[in-house]
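Please keep the sequence and the structure at hand while reading.

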Amino acid sequence: MSSDTAETSTPGEKLYTIGTVSHLTGVGAITLRAWERRYDLIRPVRKDSGHRLYTRKHIDQINRITALTGQGMRISQIRPEMLETSDGSSDHGAAASKNRWDEYLDSMIAAIVAFDEERLEAIYNDVLAFVPVEQATRELIHPLLEQLGARWKTGKGSIAEEHFFSFYLRNKLGARFHHRASRDNGPLILVACLPGEYHEMALQVFSLAAHTHGFRVLSLGASIPLEELPWVARKKHCDAIVLSGTIEPDPGVIEKHLAALVKEVDMPVFVGGQSSVLVCDAINKTGATALGQDIEAGLNRLVDALEVTARE
């Protein structure tokens, strides 16, 4: 592909090298270049030097391609417009689906801003009336968490809004955890938030999704000192440690504490969430694996790494 057909980026948008994107998505650089040249699926930003750089949107598209091929679709059957929606819908269907999810997202944001739990419950129940809870989580809850985080970061939202929804979602997820089928086999993963990370919602969503992918889950919650994890992992005979974060970790958390954790335990260590995108290279230098922000893609990489076979 010539540079004049390559995608341009928004000024100030963070760009990622092909090596970093490969780490975040699990897709090799050779494959990424083939998807670009042979199938015209990914159009990276091209610098005058010829180096490819990728945006967050590119990372999302790569994860969607992986999901579609995982469902049995051949790479030659995937069209660029199918990457605008996670289920590979047609143009008209994709637009209608996007509009529907956008409407639900806007309605839930409005209910949260108004601290209207009754309205929030009505919207969520309406969604679950026509899609499975897994799809509602992927299409609505994940984007909603991102929106709330962005509102808080830019000052448009309040901590009270986030805590209000966090309490609501914790009750919902807690009920699902309570009623989930017990699991006696499958790898046991120890999950926790990075030090300084108090946003547990993404970790809770990940934990539920991990259970449906065949894992047993031991969750320690928010802001756990990393030096406390080795003895817990050894005591419970865990197969892996998965850490989550939505913000850029404080200096020393990755280079010092995560590196020490990786050296002390005899099991793989993974880091997911927005934090793993922000400091991907630093995470990988410690010997841990950055999973990226896409929960489904990250879990598929865990399944491959730990050879999970038992699924619900």
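Two strands are taken to pair if DSSP finds at least two bridges between them, and the elements themselves are DSSP runs numbered from the N terminus, with helices (H or I) of at least four residues and strands (E) of at least two. This is a predicted model, in which local features need pLDDT of at least 70 and side-chain atom pairs count only at pLDDT 80 or more, while totals for chains, interfaces and linings use all residues. Residues are numbered from 1 along each chain as its sequence is written, and side-chain values use heavy atoms, with hydrogens and water left out.

**Confidence**

The mean pLDDT (the predictor's confidence in each residue, from 0 to 100) is 81 for the protein, and 85% of its residues reach 70 or more. Over residues 1–5 the pLDDT is below 50, and this stretch has nine contacts beyond near neighbours in sequence, a contact meaning heavy atoms within 4.5 Å. Residues 86–93 also stay under 50 in pLDDT, and for them the model has nine contacts beyond four places in sequence. Where pLDDT is low, the predicted coordinates should not be read in detail.

An open sheet is formed by three strands in the order β1-β3-β2, with antiparallel pairing. Because β1 (16–17) and β2 (45–46) stand at the edges with a single partner strand each, one side of each is left without a neighbour in the sheet. Strand β2 is joined to β3 (residues 52–54) by two bridges, the two running antiparallel, and arginine 46 has arginine 52 in β3 as its bridge partner.

Helices α1 (residues 18–25) and α2 (residues 29–37) have axes that come within 9 Å and cross at roughly 105°; axes are lines fitted to C-alpha atoms, for helices over the stretch in contact, and angles run from 0 to 180 degrees between N-to-C directions. The helices α1 and α2 are therefore roughly perpendicular to each other, a term for angles of 65 to 115 degrees. Their contact is made by Ile18, Val21 and Ser22 of α1 together with Ala29, Leu32 and Arg33 of α2.

**The five-stranded sheet**

A second open sheet has five strands in the order β5-β4-β6-β7-β8, paired in parallel. At its edges stand β5 (216–219) and β8 (289–292), each with a single partner strand, so one side of each lacks a neighbour in the sheet. Neighbouring strands of this sheet are turned by 25° against each other on average, direction ignored.

| Strands | Bridges | Direction | Bridge partners |
|---|---|---|---|
| β4 and β5 | four | parallel | leucine 190 and leucine 218 |

Strand β4, helix α8 (residues 201–212) and β5 make a right-handed β-α-β unit; right-handed here means that, with the strands pointing away from the viewer, the path from the first strand over the helix to the second runs clockwise. Helix α10 (residues 253–264) lies across β6 and β7 (269–272), at about 145° to β7, whereas helix α13 (residues 295–306) lies across β4, β6, β7 and β8, at about 140° to β8.

**Loop residues with positive phi**

Serine 223, in the loop between β5 and α9 (229–235), has a phi near 45°, a positive value in a residue other than glycine. Histidine 237 lies in the loop between α9 and β6, and its phi, also positive in a residue other than glycine, is near 55°.

Notes: Parallel < 35°, antiparallel > 145°, perpendicular 65-115°, else oblique.
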